[in-house]
Amino acid sequence: MTSRERLQAALRHEQPDRIPVDFGSTGTTGVHASVVAGLREHYGLEKRPVKIHEPYQMLGLVEDDLRQAMGLDVEGAFALNTMFGFPAEAWKPFRLWDLDVLVPVDFNTTVDTNGDLLIYPEGDLSAPPSGRMPRGGYFFDSIIRQEPIDDDRLDPADNLEEFGPISEAEVAHYRRIGARAAASQWGVIAALPGTYLGDIALVPAPFLKYPKGIRDVTEWYVSTRSRRSYIHKMFEKQVEYAFDNLARVHAAVGDAAFDAVFVCGTDFGTQTSTFCSVATYRELWLPYYREISGWIHRNTRWKTFKHSCGAVEKLIPSFIESGFDILNPVQCSASGMDPRHLKSAYGRTLVFWGGGVDTQKTLPFGTPEEVRREVLERCEVFSRDGGFVFNSIHNLQAGTPVANVVAMLDAVREFNGSAKGD
Amino acid sequence: MDDSKILYDAIVAGNAKAALAATKAALAEGVEPFELVSRQMIPAMDEVGKLFECEEYFVPELLLAGRAMKGALEVIRPLLAAGGVEPVGRVVIGTVKGDLHDIGKNLVASLLEGAGFEVVDLGTDVPAAKFAQAIREKKADIACLSALLTVTMPAMRDTIEAFRQAGIRDQVKVLIGGAPVTQQYADEIGADGYSDNASAAVGLARKMVGVGGQPN
């Protein structure tokens with residue numbers, strides 16, 4: 001099987017020759033630049049600075065040579081613009097504390113009086129900064145830029161600036177990445193424009209110079225309770241835009257380019273619970289998700305990928321009803337997210353893309369042997385009858401020992417070998 | 001004595017405007033500020049905590065109740081101070097060095113205020129020395145340290161170590177919390193307590209200052 005066939009089989013819930021593995025294809029299955037650098041060194045690859053393709057989380061680009069060395073099967077078809085509103089292209093050198101990397105040419109930063117790094121939307125140094133990395137930190141957080149809210153003047157259109165019709169430049173970008181993806185030996189997952197509904201990482205709009213509407217994270221959360229009609233109006237319009245944008249993207253790339261599409265990254269779980277009741281999810285999100293997933297399923301062969309961190313077990317039946325084919329990152333460390341229960345209850349319907357190893361404890365702080373044991377156990381549980389793409393629970397974080405990452409990948413190989421009877 | 005439950009109901013419903021109006025009306029009628037706190041606000045926040053723990057309320061409802069409580073408290077706090085009413089305890093709270101996340105920390109801070117604690121919120125990305133200085137200056141009973149990120153959890157250990165070196169570790173109870181934090185980690189780094197949610201953190205803080213156990 002090629003990598004692509006392997007991924008496609010897993011997504012169809014058929015047993016592939018071995019478990020497909022993903023690191024680096026999306027903003028929630030990625031690898032911090034410092035870990036990419038460590039892995040390149042470990043595998044003896046050509047010495048060159050890592051490209052930061054997603055500056056918000058400082059994710060490093062996993063290029064073909066590293067993908068082969070790590071035994072990966074999936075590549076990402078990324079959106080034109082990064083979280084700070086500029087394209088990941090035209091690279092320039094940058095020193096991230098003690099690591100030499102390459103960043104997009106519009107990655108423009110200043111240092112504030114605390115020594116924190118500030119970054120600017122669209123690289124425009126004349127606009128207020130939209131991201132801050134604490135001195136010595138590993139990635140950016142959004143700077144909240146919230147105009148005072150007057151409830152009588154709130155207009156859902158203000159929260160939709162980023163979800164309108166995509167530009168011709170974006171369509172051309174999709175045409176380019178679609179052509180590349182169609183010819184790829186790797187499985188491909190693509191980012192879609194404007195299908196995120198209330199993703200808390202996007203609410204502050206670090207990519208916009210002067211965001212309007214509800215942009216404060218806390219204000220957004222309370223609005224899901226206290227301004228529900230505003231959010232309904234916003235989502236209704238967003239879905240309308242999404243239909244047009246999806247049609248244009250689909251026309252530009254065709255059916256064969258992508259195996260899966262990243263529909264939405266809204267987190268519904270905390271470590272121990274959910275952010276809302278099942279009833280609220282079903283009232284406020286499900287109808288809109290179902291429309292978006294329905295369009296994709298009616299018009300394409302793409303599988304729909306839903307990311308949500310946290311303890312979302314109670315919401316999984318509603319995720320399935322929303323039309324999601326794939327769940328990520330499968331946070332088994334959260335309450336109620338027992339791997340065996342998840343696989344037996346939902347594994348015939350839902351593909352688990354993640355859950356391969358815990359990134360809050362085992363991978364960053366455990367021994368290589370502890371990592372190996374956990375990976376072998378998770379592979380055993382999740383891989384039966386396909387429906388599993390190996391990935392850690394969310395991105396490989398800065399500070400993760402390379403020896404543990406290698407132990408993780410070796411354990412997947414060990415499992416795959418024994419599964420084949422080698 | 002005030003037997004009405006208007007302020008209580010407004011806080012439980014998360015209605016900040018109604019809570020403020022009820023507070024002002026009660027004070028105008030001569031209700032003692034301390035009575036409002038002890039008979040309406042603290043029971044209201046207890047009820048909100050119970051609703052959260054039985055999953056009728058979620059983070060948005062906690063945030064709304066916290067706002068309603070805070071608005072009322074801003075009117076009442078100066079009156080309590082003028083009347084010589086002591087808080088049930090003094091808390092210094094912040095998100096540790098390198099971490100900019102504050103929703104969980106803010107929730108704990110507002111619920112603690114609602115439970116009658118005096119809370120000094122140091123914000124996010126707080127160096128250990130700043131915690132130590134605030135503990136000394138405010139004579140804090142409790143230090144609450146928050147971290148959302150796996151990569152910033154070690155700053156909790158460093159902060160507790162800094163308290164030891166500053167000679168103030170025995171003067172303050174250290175409570176920790178945040179998504180990646182566990183009881184095991186609290187034990188490892190020598191914290192005095194851990195809670196996996198904001199509501200239970202208040203019960204823990206009460207216990208630390210000897211005003212009863214968990215609220216429910």
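Among contacts in chain A between residues at least 6 apart in sequence, what percentage join residues at least 24 apart? The share is 74%, where two residues are in contact if their C-beta atoms, placed from the backbone, lie within 7 Å. The model is predicted: local features need pLDDT of at least 70, side-chain atom pairs count only at pLDDT 80 or more, and totals for chains, interfaces and linings use all residues. Residues are numbered from 1 along each chain as its sequence is written, and chains are lettered from A and ligands numbered from 1 in the order in which they are written.

Chain A contains 13 helices and 15 strands (DSSP runs of H or I, at least four residues, and of E, at least two, numbered from the N terminus). Its C-alpha atoms fill a box of roughly 65 × 45 × 40 Å along the principal axes. Of the 422 residues, 55% are buried (20 or more other C-beta atoms within 10 Å of the residue's own; exposed, 12 or fewer; partly exposed in between; C-beta atoms placed from the backbone).

In helix H4 of chain A (residues 168-182), the buried residues are His173(A), Tyr174(A), Ile177(A), Gly178(A) and Ala181(A). They lie on the same side of H4(A), because they cover an arc of only 135° around the axis (directions from the helix axis to the C-beta atoms). Their cover includes strand S3 (74-77), strand S10 (187-191) and helix H6 (228-253) of chain A. The face turned away from the buried side carries the exposed residues Glu168(A), Ala169(A) and Ala172(A).
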